[in-house]
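Trainee: I have not looked at this chain before. Could we go through it by question and answer?

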Amino acid sequence: MPDTDRLYALSSAYNNPWWPNDPGPGLLINDAVVAMRWYLTNEREENLAVTGHVSHDDGTTWQPLLPSELLADAERAVERAAVTSGDEPRRTAALLRDALIAEAADWLDHRLRYVQPDDPFPYPPATPTLLSWQRGGQIWALALGKVPPEEVLTHLMASFTSRDSTCV
């Protein structure tokens, strides 16, 4: 699917006191959708700080890449694939869009139900409080530059609905 000359380099470092600045997993790819999904998956891991860079000249020079820019690149890549002629590219684009939405909803869910490591009750709440929703939205806006898309919120609410119905 990649039809871009942009090369994405994502790296991570452990930021806990026992492994300060030890390198974590990394990714070098020219596919914005895969790069964004990798970011959303790894950035929510405990004690990992993720950074990104982008190159327009096959890795000769690199510029810092904000997560909001990576998300915009991924959304544009999915949109381009969705308007490509043929059923196969459109099906692939729909699957990638759904996967990106699911990853984004999981990322936001982690922020909504985050529990401090030293919390005496270290279990995430089944349903987030209003304050948690506000915090999650603020973190999304700070990291990704806009409010969460309706599709992400719909996916997230559906996951809470299905959890509540299985707990009854």
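Trainee: How many aromatic pairs does the count come to?

Mentor: This is a predicted model. Rings of Phe, Tyr and Trp pair if their centres lie within 6.5 Å. By this rule the count is one aromatic pair.

Trainee: Is the pair of W107 and W140 stacked, tilted or edge-to-face?

Mentor: The ring centres of W107 and W140 lie 5.5 Å apart, and their planes stand at 75°. Planes over 60 degrees apart fall in one class, and planes under 30 in another. The angle of 75° therefore makes the pair edge-to-face.

Trainee: How many residues apart are W107 and W140, and which helices hold them?

Mentor: The pair links distant parts of the chain. W107 belongs to helix α3, residues 87-112, and W140 to helix α4, residues 130-144. The two are 33 residues apart.

Trainee: Are W107 and W140 buried or exposed?

Mentor: Buried means under 20% relative accessible area, and exposed means over 50%. Both W107 and W140 are buried.

Trainee: Which ring does the charged end of R111 sit over?

Mentor: The charged end of R111 is 4.1 Å from the centre of the ring in question. That ring belongs to W107.

Trainee: In what order do the elements of the chain run?

Mentor: The chain has five helices and four strands. Read from the N terminus, the order is β-β-α-β-β-α-α-α-α.

Trainee: In what order do the four strands stand in the sheet?

Mentor: The four strands form an open sheet with antiparallel pairing. Strand β1, residues 7-14, pairs with strand β3, residues 48-55, over eight bridges. Two bridges join β3 to strand β4, residues 63-64. Across the sheet the order is β2-β1-β3-β4.

Trainee: Which strands stand at the edges of the sheet?

Mentor: A strand at the edge has a single partner strand, so one side of that strand is left without a neighbour in the sheet. This holds for β2, residues 23-29, and for β4.

Trainee: What is the bridge partner of A13 in β3?

Mentor: The antiparallel pairing of β1 and β3 can be followed residue by residue. L7 stands opposite S55 in β3. For A13, the bridge partner in β3 is A49.

Trainee: Which residue in β4 is the bridge partner of V54?

Mentor: Strands β3 and β4 run antiparallel. The partner of V54 in β4 is Q63.

Trainee: Which residues touch the most other members of the largest nonpolar core?

Mentor: This core has 31 residues. At least two residues each come from β1, α1 (32-43), β3, α2 (67-82), α3, α4 and α5 (150-167). The element that gives the most is α3, with eight residues. The residues that touch the most other members are M36, Y39, L70 and W140.

Trainee: Leaving aside neighbours within four places in sequence, which residues is Y39 in contact with?

Mentor: Contact means heavy atoms within 4.5 Å. With those neighbours left aside, the contacts of Y39 are L10, V50, P67, L70 and L144.

Trainee: What share of the 168 residues in the chain is buried?

Mentor: The accessible surface of the chain comes to about 10,000 Å², and 58% of this surface belongs to carbon and sulfur atoms. Of the 168 residues, the buried share is 34%.

Trainee: How far apart in space are G145 and S68, C-alpha to C-alpha?

Mentor: G145 is in the loop between α4 and α5. With its neighbours within four places in sequence left aside, G145 is in contact with S68 and W140. G145 and S68 are 77 residues apart in sequence, and their C-alpha distance is 5.3 Å.

Trainee: Does G145 count as buried, partly exposed or exposed?

Mentor: The cut-off for exposed is over 50% relative accessible area. The value for G145 is 57%, so G145 counts as exposed.

Trainee: What is phi of D58 near?

Mentor: D58 is a residue other than glycine, and its phi is positive. The value is near 55°.

Note on methods:
Residues are numbered from 1 along each chain as its sequence is written. This is a predicted model: local features need pLDDT of at least 70, side-chain atom pairs count only at pLDDT 80 or more; totals for chains, interfaces and linings use all residues. Side-chain values use heavy atoms; hydrogens and water are left out. Rings of Phe, Tyr and Trp (its six-membered ring) pair if their centres lie within 6.5 Å; planes under 30 degrees apart count as stacked, over 60 as edge-to-face and the rest as tilted. Buried means under 20% relative accessible area, exposed over 50%, partly exposed in between (1.4 Å probe, protein chains only). A charge sits over a ring if NZ of Lys or CZ of Arg is within 6 Å of the ring centre and within 35 degrees of the ring normal. Accessible areas come from the Shrake-Rupley method with a 1.4 Å probe; for residues, only the protein chains shown count as cover. Two strands pair if DSSP finds at least two bridges between them. A nonpolar core is a set of buried Ala, Val, Leu, Ile, Met, Phe, Trp, Tyr and Cys residues joined through side-chain atoms within 4.5 Å.
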